[in-house]
2 protein chains.
Amino acid sequence: MKWLVFRWAAGALAVLTLSLQAPAQELVSKLAVPARELPIPNTVSPELQKVLARPVAPQTEMPTTAEGWKKLQQERDAVGEATAKARAERLGVKIEAAEVGGVRCYRLMPKEVARGKEKYLLVHVHGGAYVFGAHLAATGEAVLLADACKMPVLSIDYRMPPDHPFPAAPDDVLAVWKAVLKDHDAASVVMGGTSAGGGLIMTTMLRCKVDGLPMPAALFIGTPGADLSKTGDSVFVNAEIDHVLGRYEGRIEACIHLYAGGHELKEPLLSPIYGEMSGWPPTILITGTRDLLLSSTVRTHRKLRAAGVPAELHVYEGQSHADYLFAFPAPESQDALAEIALFFDRHLKR
Amino acid sequence: MKWLVFRWAAGALAVLTLSLQAPAQELVSKLAVPARELPIPNTVSPELQKVLARPVAPQTEMPTTAEGWKKLQQERDAVGEATAKARAERLGVKIEAAEVGGVRCYRLMPKEVARGKEKYLLVHVHGGAYVFGAHLAATGEAVLLADACKMPVLSIDYRMPPDHPFPAAPDDVLAVWKAVLKDHDAASVVMGGTSAGGGLIMTTMLRCKVDGLPMPAALFIGTPGADLSKTGDSVFVNAEIDHVLGRYEGRIEACIHLYAGGHELKEPLLSPIYGEMSGWPPTILITGTRDLLLSSTVRTHRKLRAAGVPAELHVYEGQSHADYLFAFPAPESQDALAEIALFFDRHLKR
């Protein structure tokens, strides 16, 4: 047996590239990308195609006063509330207002609780850029999760700006979690939410660690607000492509600053990607290829894996931020909900 | 206990959207995206940043004759061979030419075979757009896999155009697999490869099913050539952003047509995304947020999951097509290799 032995200058390594790549060239500091027209993806269901064909959210004048914000919140949340109610009726999910740990919440009960799941609880934290989604609007995603996971859901109607900026929201989520722990085994409880909800769940894990509190059995973190600063490659690549968020500047940035109330955006309790993740529960992450927060999601996934957390990632073709929620009942939306339910089932205490 | 009951017209459902999204508007048939400048991602290691700062591969005149193709192949594969040799020396991986099932191959032996892994085998199928990566250039990725997985590797130097278009390459991979099955328990063998290699592995699974052959214990499919047609959202979104592939038209398309030799590109043996995937082995998929084949990878992931195959996805921040190979030894490259090794360890027969 004759092994080939190679003797090459180690210094040559750095400049070598594989066959497909062009020979080494000058490096660039910015990449100029020409204007183009993108077709609506034809690699998704007809139902989802209709959602993906929505125009990119226009840049509207954002409020500059508390009253202006409240008016905008009322307008938007009326739409969110209507969605939640319509879904609840369609799916036969019952919703009841409740107070838990001194925080306004909703208890949701699906038409059918799977056998053995009566003792489980899914704690839901809604999205809405830390500004929208108050009251019944909070339950638009919770209804879908209750139905898909076939277990009771507790959805937190946390306080929001302009009256209650950071840290009111994470304080409320933590207060609810502490109250839940009083009458639940943490191994029988999961936590889930999208966007701001995902970010707030991550923040809550950071605080559980500091306070020595038990963590849930598993987490669902959908396209999380893990980094509130303008950081992450997809914030640039998918700007003006993500039809839900549009771009970081303007609308989204205004919400973030209203919420942060002057705090440094990279504080881990605002941008939990900068926190320490060892010991977190198993986590399922969901995003889409056109998501402005694609990078936020995959960076969170990588950081969880590096911390030794069993974390799995699902990226949906052509979807912008949280399209899996907006597109319900498109097949891809049901598929994402089924993945979440399966993941929770695998990790909840028998 | 008083449940709120909602009565809403079911017809109202279709037009309702959640809070963050703008009110329903006219749908668009194309999305116009303005020109922009993208910064080099600062969310990756300094080593990887240097790779991501390489300019997008320029559009060069592609050959029109067999002789022209052979000249280009020799030039490119000389670079690939140098990379493979330098890596082999650096990592202490031994490479030996071999013939298996009548097909030219290389046997690779890492400096250290992990205890108990002597009986395992990783069958490697190289990338290179079905045109490049011949002979020793085939082993550039195999060397990294041998070192990371600490097991013997058999890398297939399959036939390629212009002399040997489709189906020579899948025929060769299948011939090697049949030969491997003669002296290996399939449960002790895994298969892995990137780009064209990933596509050829998928094709081989389709043929295993037709022929009733055992499949490997697990697969690594890196940013696969799963769809040779211009299909998938990232082929449009990441055009002129993926610094490795550039765009579908021109260079890549010329390679695909040289390989396909006039066959319909959506035949499952050319574009295995259109094949039937039930019963495939557990599969790990790897891609990057700037990858022209991001959609090819996530579509494959979703189709595998829908077929009930345990499949896990890893998406790396800011990376273009197969950057995890080109960037070695950047930390992200080592991280991807470690994920592959971990996945194989979990699924190989004890």
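Guide: Two strands are said to pair if DSSP finds at least two bridges between them. In this predicted model, such a pairing joins strand β1 (residues 30-33) of chain A to strand β2 (residues 36-39) of chain B, in the antiparallel sense and over four bridges. Within that pairing, Leu31(A) stands opposite Leu38(B).

The contact takes 102 residues from chain A and 101 residues from chain B. The size of an interface is often given as the accessible area lost when the parts come together. For chain A and chain B, the buried area is about 9,500 Å², and carbon and sulfur atoms give 63% of that area.

Charged side chains also meet here. The rule finds ten salt bridges across the interface of chain A and chain B. One salt bridge is between the side chains of Arg290(A) and Asp233(B), at 2.6 Å from N to O. On the side of chain A that touches chain B, helix α2 (residues 66-91) of chain A gives the largest share, twelve residues. That side of chain A divides into 51 nonpolar, 22 polar and 29 charged residues.

As for confidence, the model scores ipTM 0.93 and pTM 0.93. Chain A has a mean pLDDT of 93, and 93% of its residues reach 70 or more. Over residues 1-23 of chain A, however, pLDDT stays under 50.

Conventions. Residues are numbered from 1 along each chain as its sequence is written. Chains are lettered from A and ligands numbered from 1 in the order in which they are written. This is a predicted model: local features need pLDDT of at least 70, side-chain atom pairs count only at pLDDT 80 or more; totals for chains, interfaces and linings use all residues. Side-chain values use heavy atoms; hydrogens and water are left out. pLDDT is the predictor's confidence in each residue, from 0 to 100. Contact means heavy atoms within 4.5 Å. Buried area is the accessible area (1.4 Å probe) that two parts lose on being put together, summed over both. A salt bridge is a side-chain nitrogen of Lys or Arg within 4 Å of a carboxyl oxygen of Asp or Glu. Helices (H or I, at least four residues) and strands (E, at least two) are DSSP runs, numbered from the N terminus. Ala, Val, Leu, Ile, Met, Phe, Trp, Tyr, Cys and Pro count as nonpolar, Asp, Glu, Lys and Arg as charged, and the others, Gly among them, as polar.
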